[in-house]
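Keep the 3D view open while you read.

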Amino acid sequence: MTYEDFVNSRLAALARYAVMLTGDRHTAEDLVQETMVRAQLHWKKVCRADVPERYVKRMMANLYVDWKRGPWWRRVLLRGEPDEAVPVSIDIAEGAADRDLLWTALAGLPRQQRAAVVLRYYEDMPDAEIAEALGCTVGTARGYISRALSTLRSRLSGRDLIAEGAR
(Lines give C-alpha, C1' and ligand atoms only; values in the text may rest on other atoms or scores of the structure.)
Protein backbone atom coordinates (compact mmCIF):
# COMPACT_ATOMS: atom_id res chain seq x y z
CA MET A 1 0.00 0.00 0.00
CA THR A 2 1.33 3.43 -0.88
CA TYR A 3 1.10 6.49 1.34
CA GLU A 4 -1.29 8.11 -1.15
CA ASP A 5 -3.60 5.05 -1.11
CA PHE A 6 -3.60 5.09 2.69
CA VAL A 7 -4.45 8.79 2.83
CA ASN A 8 -7.21 8.47 0.23
CA SER A 9 -8.86 5.59 2.09
CA ARG A 10 -8.37 6.54 5.77
CA LEU A 11 -8.02 10.33 6.07
CA ALA A 12 -11.70 10.98 6.85
CA ALA A 13 -11.73 8.35 9.62
CA LEU A 14 -8.50 9.75 11.08
CA ALA A 15 -10.00 13.26 11.04
CA ARG A 16 -13.09 12.06 12.95
CA TYR A 17 -10.82 10.34 15.46
CA ALA A 18 -8.82 13.54 15.92
CA VAL A 19 -11.99 15.56 16.54
CA MET A 20 -12.94 13.15 19.30
CA LEU A 21 -9.48 13.48 20.85
CA THR A 22 -9.26 17.27 20.71
CA GLY A 23 -12.90 18.34 20.92
CA ASP A 24 -12.33 20.96 18.24
CA ARG A 25 -12.37 20.62 14.47
CA HIS A 26 -9.61 23.14 13.85
CA THR A 27 -7.23 21.69 16.43
CA ALA A 28 -8.06 18.24 15.06
CA GLU A 29 -7.04 19.38 11.58
CA ASP A 30 -3.69 20.52 12.98
CA LEU A 31 -3.26 17.19 14.76
CA VAL A 32 -4.09 15.20 11.62
CA GLN A 33 -1.77 17.33 9.49
CA GLU A 34 1.16 16.95 11.85
CA THR A 35 0.52 13.22 12.25
CA MET A 36 0.27 12.65 8.52
CA VAL A 37 3.52 14.54 7.89
CA ARG A 38 5.23 12.29 10.42
CA ALA A 39 3.60 9.20 8.91
CA GLN A 40 4.82 10.17 5.45
CA LEU A 41 8.36 10.76 6.71
CA HIS A 42 8.37 7.28 8.30
CA TRP A 43 6.11 5.54 5.76
CA LYS A 44 8.40 2.53 5.29
CA LYS A 45 8.09 1.76 8.99
CA VAL A 46 4.35 2.54 9.09
CA CYS A 47 3.46 0.32 6.12
CA ARG A 48 5.38 -2.61 7.64
CA ALA A 49 3.04 -2.58 10.64
CA ASP A 50 0.36 -5.27 10.78
CA VAL A 51 -2.36 -2.61 10.68
CA PRO A 52 -0.99 0.73 9.40
CA GLU A 53 -4.11 2.62 10.49
CA ARG A 54 -3.69 1.46 14.09
CA TYR A 55 -0.03 2.53 13.93
CA VAL A 56 -1.02 6.00 12.68
CA LYS A 57 -3.75 6.29 15.33
CA ARG A 58 -1.16 5.47 17.95
CA MET A 59 1.08 8.17 16.50
CA MET A 60 -1.85 10.58 16.68
CA ALA A 61 -2.76 9.66 20.26
CA ASN A 62 0.87 10.00 21.37
CA LEU A 63 1.22 13.36 19.62
CA TYR A 64 -1.99 14.57 21.25
CA VAL A 65 -0.88 13.43 24.70
CA ASP A 66 2.61 14.90 24.24
CA TRP A 67 1.53 18.32 23.06
CA LYS A 68 3.02 20.67 25.60
CA ARG A 69 1.67 24.07 26.46
CA GLY A 70 2.00 25.99 23.27
CA PRO A 71 0.39 29.08 21.86
CA TRP A 72 -2.62 30.50 23.68
CA TRP A 73 -5.03 29.19 21.06
CA ARG A 74 -4.19 25.60 22.00
CA ARG A 75 -5.11 26.31 25.62
CA VAL A 76 -8.40 28.06 24.93
CA LEU A 77 -11.43 25.91 25.76
CA LEU A 78 -13.35 25.44 22.53
CA ARG A 79 -16.73 23.86 22.01
CA GLY A 80 -17.41 21.14 19.49
CA GLU A 81 -19.88 21.70 16.71
CA PRO A 82 -23.26 20.01 17.09
CA ASP A 83 -23.68 16.80 15.13
CA GLU A 84 -26.38 17.27 12.50
CA ALA A 85 -26.98 13.50 12.33
CA VAL A 86 -28.15 13.32 15.95
CA PRO A 87 -31.90 13.82 16.34
CA VAL A 88 -32.77 17.18 17.85
CA SER A 89 -34.58 17.06 21.16
CA ILE A 90 -37.75 19.05 21.67
CA ASP A 91 -35.86 21.63 23.73
CA ILE A 92 -32.97 22.63 21.47
CA ALA A 93 -31.40 24.86 24.13
CA GLU A 94 -31.33 22.02 26.65
CA GLY A 95 -29.70 19.67 24.13
CA ALA A 96 -27.08 22.29 23.32
CA ALA A 97 -26.44 22.86 27.03
CA ASP A 98 -26.01 19.10 27.57
CA ARG A 99 -23.58 18.85 24.65
CA ASP A 100 -21.69 21.86 25.93
CA LEU A 101 -21.55 20.39 29.43
CA LEU A 102 -20.23 17.07 28.10
CA TRP A 103 -17.58 18.74 25.90
CA THR A 104 -16.52 20.90 28.84
CA ALA A 105 -16.26 17.86 31.12
CA LEU A 106 -14.22 15.94 28.51
CA ALA A 107 -11.96 18.94 27.92
CA GLY A 108 -11.24 19.09 31.65
CA LEU A 109 -9.79 15.58 31.72
CA PRO A 110 -6.02 15.08 31.57
CA ARG A 111 -4.89 14.21 28.04
CA GLN A 112 -4.11 10.55 28.80
CA GLN A 113 -7.53 10.00 30.38
CA ARG A 114 -9.34 11.75 27.54
CA ALA A 115 -7.41 9.76 24.94
CA ALA A 116 -8.22 6.51 26.77
CA VAL A 117 -11.94 7.36 26.94
CA VAL A 118 -12.01 8.26 23.23
CA LEU A 119 -10.21 5.05 22.32
CA ARG A 120 -12.62 2.98 24.43
CA TYR A 121 -15.96 4.57 23.64
CA TYR A 122 -15.43 6.16 20.23
CA GLU A 123 -12.98 3.72 18.66
CA ASP A 124 -14.39 0.74 20.62
CA MET A 125 -10.93 -0.62 21.37
CA PRO A 126 -10.25 -3.30 23.99
CA ASP A 127 -7.93 -2.54 26.92
CA ALA A 128 -4.89 -4.17 25.33
CA GLU A 129 -5.14 -2.04 22.18
CA ILE A 130 -5.69 1.12 24.24
CA ALA A 131 -2.57 0.32 26.25
CA GLU A 132 -0.63 -0.27 23.04
CA ALA A 133 -1.90 2.97 21.50
CA LEU A 134 -0.98 4.99 24.58
CA GLY A 135 2.30 3.17 25.18
CA CYS A 136 1.43 2.02 28.69
CA THR A 137 0.43 -1.16 30.49
CA VAL A 138 -3.10 -2.57 30.38
CA GLY A 139 -3.56 -1.75 34.06
CA THR A 140 -2.55 1.86 33.48
CA ALA A 141 -4.97 2.16 30.56
CA ARG A 142 -7.78 0.75 32.72
CA GLY A 143 -6.81 3.21 35.44
CA TYR A 144 -7.01 6.14 33.01
CA ILE A 145 -10.50 5.06 31.95
CA SER A 146 -11.66 4.42 35.51
CA ARG A 147 -10.42 7.79 36.78
CA ALA A 148 -11.85 9.58 33.74
CA LEU A 149 -15.29 8.01 34.19
CA SER A 150 -15.24 8.78 37.90
CA THR A 151 -14.36 12.40 37.18
CA LEU A 152 -17.05 12.66 34.50
CA ARG A 153 -19.66 11.13 36.82
CA SER A 154 -18.84 13.57 39.60
CA ARG A 155 -18.86 16.57 37.25
CA LEU A 156 -22.09 15.53 35.59
CA SER A 157 -23.91 14.14 38.65
CA GLY A 158 -27.49 15.24 39.10
CA ARG A 159 -27.90 15.99 35.41
CA ASP A 160 -30.49 14.32 33.20
CA LEU A 161 -27.64 13.68 30.77
CA ILE A 162 -26.33 10.93 33.05
CA ALA A 163 -29.72 9.25 33.28
CA GLU A 164 -30.11 9.34 29.48
CA GLY A 165 -26.64 7.84 28.98
CA ALA A 166 -27.41 4.97 31.35
CA ARG A 167 -30.43 3.82 29.34
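Arg54 and Glu129 join their side chains in a salt bridge at 4.0 Å, N to O; a salt bridge here is a side-chain nitrogen of Lys or Arg within 4 Å of a carboxyl oxygen of Asp or Glu. This pair ties together distant parts of the chain, with Arg54 in helix 4 and Glu129 in helix 8, 75 residues apart. You're looking at a predicted model, where local features need pLDDT of at least 70 and side-chain atom pairs count only at pLDDT 80 or more, while totals for chains, interfaces and linings use all residues. Residues are numbered from 1 along each chain as its sequence is written, and side-chain values use heavy atoms, with hydrogens and water left out.

**Salt bridges**

- How many salt bridges are there by this rule? The count comes to 8.
- Arg54 counts as partly exposed because its relative accessibility is 31% (buried means under 20% relative accessible area, exposed over 50%, and partly exposed in between, using a 1.4 Å probe and protein chains only).
- Glu129 is partly exposed too, at 24% relative accessible area.
- Arg10 and Glu53 also meet through their side chains in a salt bridge, at 2.9 Å from N to O.
- That pair is another link between distant parts of the chain: Arg10 sits in helix 1 (residues 3-22) and Glu53 in helix 4 (residues 52-66), 43 residues apart. Helices are DSSP runs of H or I with at least four residues, numbered from the N terminus.
- Arg10 is partly exposed at 28% relative accessibility, whereas Glu53 is buried at 17%.
- Arg120 and Asp127 form a salt bridge as well, with 1.8 Å between N and O.
- Asp127 has a relative accessibility of 16%, so it counts as buried.
- Salt bridges with shared partners connect Arg10, Glu53, Lys57 and Glu123 into one network.

**Around Asp127**

- Look for Asp127 in helix 8, which covers residues 127-134.
- Its side chain makes a polar contact with the side chain of Arg142 at 2.7 Å (a pair of N or O atoms within 3.5 Å; within protein, one must be able to donate a hydrogen and the other to accept it, and residues adjacent in sequence count only if both atoms are side-chain atoms).
- Leaving out residues up to four places away in sequence, Asp127 touches Arg120, Val138, Ala141, Arg142 and Ile145, where contact means heavy atoms within 4.5 Å.

**Around Gly143**

- Gly143 belongs to helix 9 (residues 138-156).
- Is Gly143 buried or exposed? Gly143 is buried, because its relative accessibility is 16%.
- From C-alpha to C-alpha, Gly143 and Ala116 are 9.4 Å apart in space, and they are 27 residues apart in sequence.

Technical notes:
Helix = DSSP H or I, 4+ residues; strand = E, 2+ residues; numbered from the N terminus.
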